[in-house]
Amino acid sequence: AETVQAGAQLFVDTSSSAFTVTLPASPSIGDEVTFLDSTYNFDSNNLTVGRNSSKLLNTTSDLTVAVEGAAFTLVYANATVGWTYKDK
């Protein structure tokens, strides 16, 4: 598991095991983090995105990604919504 900084572009390798990435602790509006399934294994070994006390997709839950080949960017919108998808 690792905590990332805003602006990070992560090529996540879950070929051996599931992996957790924790979002920045004190994000600013417009901060972004991009995730890419570099080995096409998120369906077998999930990626968990830890919210680190900010909301994530307007909830107070971490995000589990189980889609093979997933690639997405999260952007911090505000304290009400928290991190949300940049593109849908």
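**Entry 1: conventions**

I am working with a predicted model, in which local features need pLDDT of at least 70 and side-chain atom pairs count only at pLDDT 80 or more, while totals for chains, interfaces and linings use all residues. Residues are numbered from 1 along each chain as its sequence is written, and side-chain values use heavy atoms, with hydrogens and water left out.

**Entry 2: the chain as a whole**

I looked up the secondary structure and found that the protein chain has 0 helices and 8 strands, where helices (H or I, at least four residues) and strands (E, at least two) are DSSP runs numbered from the N terminus. Read from the N terminus, the order of elements is accordingly β-β-β-β-β-β-β-β.

For the overall dimensions, I noted a box of roughly 35 × 20 × 20 Å along the principal axes, filled by the C-alpha atoms of the protein chain. The radius of gyration is 12 Å, which agrees with the value near 12 Å for a compact globule with 88 residues; this radius is taken over C-alpha atoms, and the globule rule is 2.2 Å times the number of residues to the power 0.38.

Among the contacts with a separation of 6 or more, 62% come from residues 24 or more positions apart, a contact being heavy atoms within 4.5 Å.

The accessible surface of the protein chain is about 4,700 Å², and 45% of this surface belongs to carbon and sulfur atoms; the areas come from the Shrake-Rupley method with a 1.4 Å probe, and for residues only the protein chains shown count as cover. On charge, I recorded 4 positive and 9 negative side chains, with the centres of the two sets 15 Å apart. Here Lys and Arg count as positive and Asp and Glu as negative, without His and the chain ends, and the place of a charge is NZ of Lys, CZ of Arg, CG of Asp or CD of Glu.

**Entry 3: the mixed sheet**

In general, strands of a sheet pair through backbone hydrogen bonds, either parallel or antiparallel. I traced an open sheet of 4 strands with mixed pairing, in the order E1-E3-E5-E6, counting two strands as paired if DSSP finds at least two bridges between them. Its edge strands are E1 and E6 (63–65), each of which pairs on one side only.

Going across the sheet, E1 (residues 2–3) runs parallel to E3 (residues 19–22) and is joined to E3 by 2 bridges, with Thr3 opposite Thr22. E3 also pairs in the parallel sense with E5 (residues 47–50), over 4 bridges, and there Thr22 stands opposite Gly50. The pairing of E5 with E6 is antiparallel, over 3 bridges, and Thr48 has Thr64 in E6 as its bridge partner.

**Entry 4: the hairpin**

I next followed E7 (residues 71–78) and E8 (residues 82–85), which run antiparallel and are joined by 4 bridges. The two strands E7 and E8 form a hairpin with 3 residues between them, and the bridge partner of Leu74 is Tyr85 in E8.

**Entry 5: loop residues**

Thr14 lies in the loop between E2 (9–12) and E3, and Thr14 counts as buried because its relative accessibility is 0%. Beyond its neighbours within four places in sequence, Thr14 is in contact with Phe19, Asp37, Thr39, Asn41, Phe42, Asn45 and Asn46.

The loop between E4 (32–37) and E5 holds Tyr40, which has a positive phi of about 55° although it is not a glycine. With a relative accessible area of 51%, Tyr40 is exposed.

Asp43 also has its place in the loop between E4 and E5, and at 38% relative accessibility Asp43 counts as partly exposed. Not counting residues up to four places away in sequence, Asp43 touches Ala66, Val67 and Glu68. I also checked Asp43 against Ala70, 27 residues apart along the chain, and found their C-alpha atoms separated by 9.2 Å.

Ser53 lies in the loop between E5 and E6 and has a positive phi of about 75°, although Ser53 is not a glycine. Its relative accessibility of 64% is why Ser53 counts as exposed.

Note on methods:
Buried < 20%, exposed > 50% of the residue type's maximum accessible area, 1.4 Å probe, protein only.
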